[in-house]
Structure formats: structure tokens, C-alpha cells
Amino acid sequence: MARLLLIEDDEETAQDILGDLRGRGHVVAWAQTGPDGAAQARAEPFDALILDRMLPGLDGLTVLQQLRGEGHRVPALVLSALGTVDERIRGLRAGGDDYLAKPFALAELAARLEALLRRPADTRETLLRVGSLEIDLITGTGRRGTRDLDLLPRELKLLEYLMRRPGQVVTRALLFEEVWNYRFTPKSNLIDVHLGRLRRKLEAEGEPPVIHSVRGIGFSLMPDD
């Protein structure tokens, strides 16, 4: 059970979300304007925020920017009818942790919230560096040293997961759950295929390996400097 704050001015949409999340066991407070939502977020400890992009009084991105500027680190899921790539990037740059375009399925909203609530606190960082590796999670770009990396979305997510745990051994089961959102371990070589492709990109110019296999356990990313 999580304590959530929903900031949404459309009553029908809000009631649908409230009914679904409360039915899943969460405690959900509701604000209908930007100023009211910001005031509640400041006054009470919440596990996550769900806020609309367009709100009366103060738009959702301004609410987020103000809260982040004051040091509030609560995870935030931005909802919006504006679903272009530029708008999603604006939402993330304003301090959102995830962005869900309207219309959406309530089950997807719940799943995205669950993913946000599972994240360790340090996942608010969007620019990661480990050794010569660097990835920008907002622009979806990566570099090794001075060389740009042409990463597919799944490769970027896989590399992010490993870079947040340098030197740690992560199992196949964890990768399936956290990178592919599987709740079981399928009998396939899916991880090996993606890791193989990622390794080739990371070592394209003869650089030393940074992703190492740990026999019988999983994989580990080791800093190269």
C-alpha cells in the first residue's frame, strides 16, 4: 500500500483513477488545481505524485519545478494529452520521473506507479557516469569516452540498470523483471542477444570489456578506469 497524491482537474478522469488505485489498496488524496496540489505535496509525505500536465491556477510542470526546487524528491508521474516526444522531454526535464499520454489504460497507470515505487532513491539521477561510460536518460544518448554510442531503447535501459549497480552481480531473473518487466524467467536467450549487441557497441573500437559474465550467477559491469 502506498500513499499517493493525484492532482487532476477533470473529475471523471480523477474518479476513474481514484477508484482503480484505491481498489488496489492505495491511499489516494486528490487535488483539482495546481496550487492546491502543490500545497498538499508540501504539507504531507507522499510516496508518489500523479499530476496532469494542464491544471488550473498552476500547470503541472510548474508545480513539479517548484517542488524540485524546494528539494522535494517524491517520484512523479505526469499525465497529459500532449504526447509528442518534445512534450515528454519537457515533462522529464521539469522533474517528472515518467510520462503517460492520454488516453491510457488504468492498468498501465498502475503498473507505471508500481515501477516508480520500486525504484531506489538514487534513480532520480538522469545523467549517469561509470568510468568512461556516460548516458543521458532524458535525451536517450550514450558515450564511451569521446565516442557516441548508438543505443536502442532496450539497450539503453539494460545499460542503465547495470550502471546503477557498478561492481555488483545482477542475476538473469533480476534483469528479466526490472528491464523486461517479466515476473518469470522465460526459457530463451533474450538477455544474451541484447547483451551481446550492447557489448559489441561498447567495444566497437577495441576498448576493454566493461560487462562481464559471472558463471552460473549473472553479469556485472566493472568501471574501466
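**The open sheet and its surroundings**

Mentor: In this predicted model, Arg143 stands opposite Asp148 in E9. The strand E8 (residues 141–144) is joined to E9 by 3 bridges, and the two run antiparallel. Both belong to an open sheet of 4 strands, ordered E6-E7-E8-E9 with antiparallel pairing. At its edges are E6 and strand E9 (147–149), each of which pairs on one side only. On average, neighbouring strands of the sheet are turned by 20° against each other, direction ignored.

H8 lies across E7, E8 and E9, and runs at about 165° to E9.

The largest nonpolar core has 25 residues, and Leu133, Leu159, Met163, Leu175, Leu202, Ile211 and Leu221 are those with the most contacts inside it. Among the elements that each supply at least two residues of this core are strand E6 (127–130), strand E7 (133–136), helix H6 (153–163) and helix H8 (190–202). The largest share, 6 residues, comes from H6. In soluble globular proteins, nonpolar side chains tend to be buried together.

Beyond residues up to four places away in sequence, Leu133 touches Leu128, Arg143, Arg144, Leu149, Leu159, Met163, Leu202, Val210 and Leu221. A second, separate core has 19 residues, including Ala31, Ala41, Leu61 and Ala76.

Terms used
Residues numbered from 1 in each chain as written. Predicted model: local features only at pLDDT ≥ 70, side-chain atom pairs only at ≥ 80, totals over all residues. Heavy atoms only, no water. Core = buried A, V, L, I, M, F, W, Y, C linked by side-chain atoms within 4.5 Å. Buried < 20%, exposed > 50% of the residue type's maximum accessible area, 1.4 Å probe, protein only. Contact = heavy atoms within 4.5 Å. Pairing = 2+ DSSP bridges. Axes fitted to C-alpha atoms, helices over the stretch in contact; angles between N-to-C directions.
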